[in-house]
Amino acid sequence: MRIVHVNTSDINGGAAIAAHRLHKSFLKRNMNSKMLVLEKSSDEKRIVKAKNNNFEKHVFSKVRTLFKKAILSKYQNRKDIIFSPAKFGLDITKNKVIQEADVIHLHWVVGGYLSLSSLDKLFSLNKKIVWTLHDMWAFTGGCHYSGTCDKFTNNCGNCPILNSNKENDLSRKIFEKKSKIYNDKALNIITCSQWLGECAKESKLLKNKNVNVIPNVLDKNIFKHIGQNIARDILNLDKEKKYILFGAMNSTSDPRKGWDYLKKSLQKIDEKYSDLKNEVELLVFGSSYSEDVEKLPFNVKFLGRFSDEIALSLIYNSADLFAAPSLEDNLPNTVLESLHCGTPVAAFDIGGMPDMIEHKNNGYLAELKNPTDLAEGILWSLNNLDKVEINEKYFNKDRIINDILDIYES
């Protein structure tokens, strides 16, 4: 069986990491797996760039950016939230990797990689199509997370993210085009969390498709508990401190990641327990320095960006708690990684968090956008949880791979 994973990037971003880990898991089983990507950062030979000419790729990048700006320019008051029209993209149907594939496994394919027309051509190849959703885009009118809007269950239009006052706006046009493309196609949908699975089943676009909930895979030989003191020795961290870890792509600049709520929570902790200043420090990875740190009551160490998984495992092992204050999220890799390293997680009770976090067992699930409850969760976890575990039955790597292979072979 020849499998090709299609993702915009090979290792940059949560969806890319999840797709890459699945691809590597297949290779370890001696399966014929490849990745076809727009942006390649690794040097792995079984990862193929959709465009090999650097000049052509540069021009393509400029053109797609201009196209997107032009399309969205009429919505001057739109919210600063990612919205993908997918009007411009590559036709990858003639690519040798696609032509030879028995199974085409889509992951995160927007950001200028595949357009809706590209998807239509791909679906028309009459090959087995499996699509892992890492957010809501596949069944909305262009947004990746809909917030409180549930128009995807019926028909998008008058989009709150575009701040549109017209029913027949861009979101409606995208929604209707997706409906035509999906209508008679045998799509096999995978969602990483129960929450996203329910959303997909309730959506007008995917409710009649085959929707399966299968979490992401993780290498437990890398992300495992090795002992806090060992990790701190290697990272040169103080063994007497309490470290709260926070990290994600653009962790302090993306509002969806909840940095503002984490700040408020830490401020509330300081107001109530000012003596903790000398005991608690914040570790941040995945982000450049932010001026916001000057407003925090606790010392902060910025660790920078990491792509090396062994280094990431050390960071999780060194911390006493991982804070994941996302306001919307599917099944973030960071939470999975932390729990596999034995480090508890405090998070808002949203999205796929309840799939991983068992309240007051391996972490704390706080009320959404309630910094007081999140502060209580951070303190409770620091005082009551040491080494924790994740549900090994649900997140068993072999079971996950076998479930995906069952979909391929069905």
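## A walk through the predicted model

T132 touches H105, L106, H107, I190 and C192, once residues up to four places away in sequence are left out. Keep in mind that this is a predicted model. T132 sits in strand β5, which covers residues 128-133. Is T132 buried or exposed? Its relative accessible area is 5%, and because buried means under 20%, T132 counts as buried. One of its neighbours gets a polar contact too: the side chains of T132 and H105 come to 2.7 Å.

Now for the nonpolar interior. In soluble globular proteins, nonpolar side chains tend to be buried together. Here the largest nonpolar core has 56 residues. Which residues have the most contacts inside this core? They are I244, V335, M353, M356, I357 and I378.

I230, I234 and L235 make up a nonpolar patch on the surface, and together they have about 260 Å² of accessible area. L235 belongs to helix α7 (residues 228-235). With a relative accessible area of 33%, L235 is partly exposed.

Next, a glycine. G13 is found in the loop between β1 (2-9) and α1 (14-28). G13 has 18% relative accessibility, so it counts as buried, the cut-off being under 20%. How far apart in space are G13 and N333? They are 9.8 Å apart from C-alpha to C-alpha, while 320 residues apart in sequence.

On to the charges. Side chains of opposite charge can pair when their charged atoms come close. How many salt bridges does a search of the whole structure find? The search finds 20 salt bridges, and here are three of them:

| Salt bridge | Closest N to O distance |
|---|---|
| K96 with E100 | 4.0 Å |
| K257 with D329 | 3.6 Å |

Start with K96 and E100. Both are in helix α3 (residues 96-100), and they are 4 residues apart, about one turn of the helix. K96 is exposed, with a relative accessible area of 58%, whereas E100 is partly exposed at 33% relative accessibility.

Then there's the salt bridge between K257 and D329. Why does this pair tie together parts that are 72 residues apart in sequence? Because K257 lies in the loop between β8 (242-247) and α8 (259-272), while D329 lies in the loop between β11 (321-324) and α10 (333-340). Both ends are out of the way: K257 is buried at 13% relative accessibility, and D329 is buried with a relative accessible area of 7%.

K277 counts as partly exposed, at 36% relative accessibility, but D270 counts as buried, at 15%. Finally, salt bridges can share partners, and that is how R21, E309 and E337 are joined into one network.

Technical notes:
Residues are numbered from 1 along each chain as its sequence is written. This is a predicted model: local features need pLDDT of at least 70, side-chain atom pairs count only at pLDDT 80 or more; totals for chains, interfaces and linings use all residues. Side-chain values use heavy atoms; hydrogens and water are left out. A nonpolar core is a set of buried Ala, Val, Leu, Ile, Met, Phe, Trp, Tyr and Cys residues joined through side-chain atoms within 4.5 Å. Buried means under 20% relative accessible area, exposed over 50%, partly exposed in between (1.4 Å probe, protein chains only). Helices (H or I, at least four residues) and strands (E, at least two) are DSSP runs, numbered from the N terminus. Patches are made of residues with over 30% relative accessible area and no salt bridge: like charges are joined within 9 Å, nonpolar side chains (Val, Leu, Ile, Met, Phe, Trp, Tyr) within 5 Å. Accessible areas come from the Shrake-Rupley method with a 1.4 Å probe; for residues, only the protein chains shown count as cover. A salt bridge is a side-chain nitrogen of Lys or Arg within 4 Å of a carboxyl oxygen of Asp or Glu. A polar contact is a pair of N or O atoms within 3.5 Å; within protein, one must be able to donate a hydrogen and the other to accept it, and residues adjacent in sequence count only if both atoms are side-chain atoms. Contact means heavy atoms within 4.5 Å.
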